Amino acid sequence: MPERARAMRTAVPALVTAGLLLTACGTTPKPDDRAAGAGPRKTTAPAPAAVATAAATLGGSGTACALPVSFALAEGWEPKAVKDPENPEFAALTRQGPAVVRCEVDAKPAGNIGYLRVWTAPKGPARAALEGFVRAEKGSSAVAFRETRAGALPATEVTYSVRDKEERAFAVATPEGTVIVHLGGLDTDEHRAMLPAYELAKRTTKAG
């Protein structure tokens, strides 16, 4: 663990349960368009060289979070279901655009300051849900969408910036609704350090 990351730990609040610190909803430029006055795109990172080791599965029967999909978790990452996400009292924390957060996977035990969050949205095209999700991220810009696959499933993926910090997410449509898996972190360096865990989740996603 770098000294910088350890020094920042005490400044990072808890990210789960009713006190979950989610970015409040806001208004952003139309996806695929650069924000007015925004500088050059800074969100395209090289593919991670490291490969994460699968240590557990999330989303299936008996796992920490019941989800419409399942995927592998990297070693050391700890999942926890979000309590009462539909409660309107916590909407500012548990909703982002069309999506409601269901599960958070903490990277701190694995040595990074960040998380994977799993969100669900109503049935519909994965891209439409992901576009709404990004539009609702206050301060987002430099949005780049692409069609890809998550495991064997068709998926839409996005890379974008939030106040100069890199973010990314992928979305898949299922019979139970759209699932969005979002990777966040303390800063862009932490985000990129956690890409192997994100890629593992995407590579191993299965319906049901």
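Is Phe133 buried or exposed, and what is its relative accessible area? Phe133 is buried, with a relative accessible area of 0%, where buried means under 20% relative accessible area, exposed over 50% and partly exposed in between, for a 1.4 Å probe and protein chains only. This is a predicted model in which local features need pLDDT of at least 70 and side-chain atom pairs count only at pLDDT 80 or more, while totals for chains, interfaces and linings use all residues. Residues are numbered from 1 along each chain as its sequence is written, and side-chain values use heavy atoms, with hydrogens and water left out.

**Disulfide**
- The structure holds one disulfide, a term for a pair of cysteine sulfur atoms within 2.5 Å, and it joins Cys65 to Cys103 with an S to S distance of 2.0 Å.
- Cys65 lies in the loop between strand S1 (54-58) and strand S2 (69-74) and Cys103 in strand S5 (residues 99-106), so the link ties together parts that are 38 residues apart in sequence; strands (E, at least two residues) and helices (H or I, at least four) are DSSP runs numbered from the N terminus.
- Cys65 counts as buried at 1% relative accessibility, and Cys103 counts as buried at 0%.

**Aromatic pairs**
- A search of the whole structure finds two aromatic pairs, meaning rings of Phe, Tyr and Trp (its six-membered ring) whose centres lie within 6.5 Å, with planes under 30 degrees apart counted as stacked, over 60 as edge-to-face and the rest as tilted.
- Trp119 and Phe133 form an edge-to-face pair, 5.1 Å centre to centre with 70° between the planes, which links strand S6 (residues 114-121) to helix H3 (residues 126-135).
- Phe170 and Tyr198 also pair edge-to-face, at 5.7 Å and 65°, and both are buried.
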